[in-house]
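The stops below are meant to be selected in order.

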Amino acid sequence: MVIDDSAAVRRAVEAVLAGAGYGVETASSTAPLQAALEGEAPVDLLILDLWMPGQGGLEFLRQMRRSWKDLPVLIISGGGTDMSLEHATALAEIRGAHGVLIKPFANSELLSAVREAMGG
């Protein structure tokens, strides 16, 4: 599942992953993920935008880890923020993410990060 407040980012990530044979669901907020995790729909990997309106990705990740400790998470963050890759990675690791990509990123970087996150 891809959660990002930007429709363009969601479409681009979905296209790359679908082209590589992954099934992809997208959302602009965390609500659909919460419903999927509480229901029967399997979620194998969460690709989560770090900075979103309302509840941000890191806060959601912290809360999510209470119930879903084993779900692999890949954080994506806008390169236009003041946050460096090292800082974003440290924050994400503290809250249980498996990796961080700074936008814009190459399709090959996304696919590599997805494979690594899903592989543990």
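**First stop: a buried charge**

Select Asp4, which counts as buried because its relative accessibility is 0%; buried means under 20% relative accessible area, exposed over 50%, and partly exposed in between (1.4 Å probe, protein chains only). The model is predicted, so local features need pLDDT of at least 70 and side-chain atom pairs count only at pLDDT 80 or more, while totals for chains, interfaces and linings use all residues. Residues are numbered from 1 along each chain as its sequence is written, and side-chain values use heavy atoms, with hydrogens and water left out.

Lys103 forms a salt bridge with Asp4, with the closest N and O atoms 2.8 Å apart; a salt bridge is a side-chain nitrogen of Lys or Arg within 4 Å of a carboxyl oxygen of Asp or Glu. This pair links distant parts of the chain, 99 residues apart: Lys103 is in strand β5 (residues 99-103), and Asp4 is in the loop between β1 (2-3) and α1 (7-19). Helices (H or I, at least four residues) and strands (E, at least two) are DSSP runs, numbered from the N terminus. At 17% relative accessibility, Lys103 also counts as buried.

Between Lys103 and Asp49, the closest N and O atoms are 3.5 Å apart. Asp49 is buried, with a relative accessible area of 2%. The count of salt bridges comes to two.

**Second stop: the nonpolar cores**

Now select Ile3, Leu33, Leu46, Leu48, Met64, Val73 and Ile75, the residues with the most contacts inside the largest nonpolar core, which has 20 residues. Such a core is a set of buried Ala, Val, Leu, Ile, Met, Phe, Trp, Tyr and Cys residues joined through side-chain atoms within 4.5 Å. Two or more residues each come from α2 (31-38), β3 (46-49), α3 (57-64) and β4 (73-78). Of the elements, α3 gives the most to this core, with four residues.

Centre the view on Met64. Not counting residues up to four places away in sequence, Met64 touches Leu33, Leu37, Leu46, Leu71 and Val73; contact means heavy atoms within 4.5 Å. A second, separate core has 17 residues, including Val24, Leu45, Leu74 and Leu110.

Move to Phe105, in the loop between β5 and α5 (107-118). Phe105 counts as buried, at 19% relative accessibility. With residues up to four places away in sequence left out, Phe105 touches Val13, Ile76 and Leu110. The C-alpha atoms of Phe105 and Gly78 are separated by 9.8 Å, although these residues are 27 apart along the chain.

**Last stop: the whole chain**

Zoom out and colour by secondary structure. Five helices and five strands are present, and from the N terminus on they run β-α-β-α-β-α-β-α-β-α. Of the 120 residues of the protein, 42% count as buried. Among contacts between residues at least 6 apart in sequence, 71% join residues at least 24 apart.
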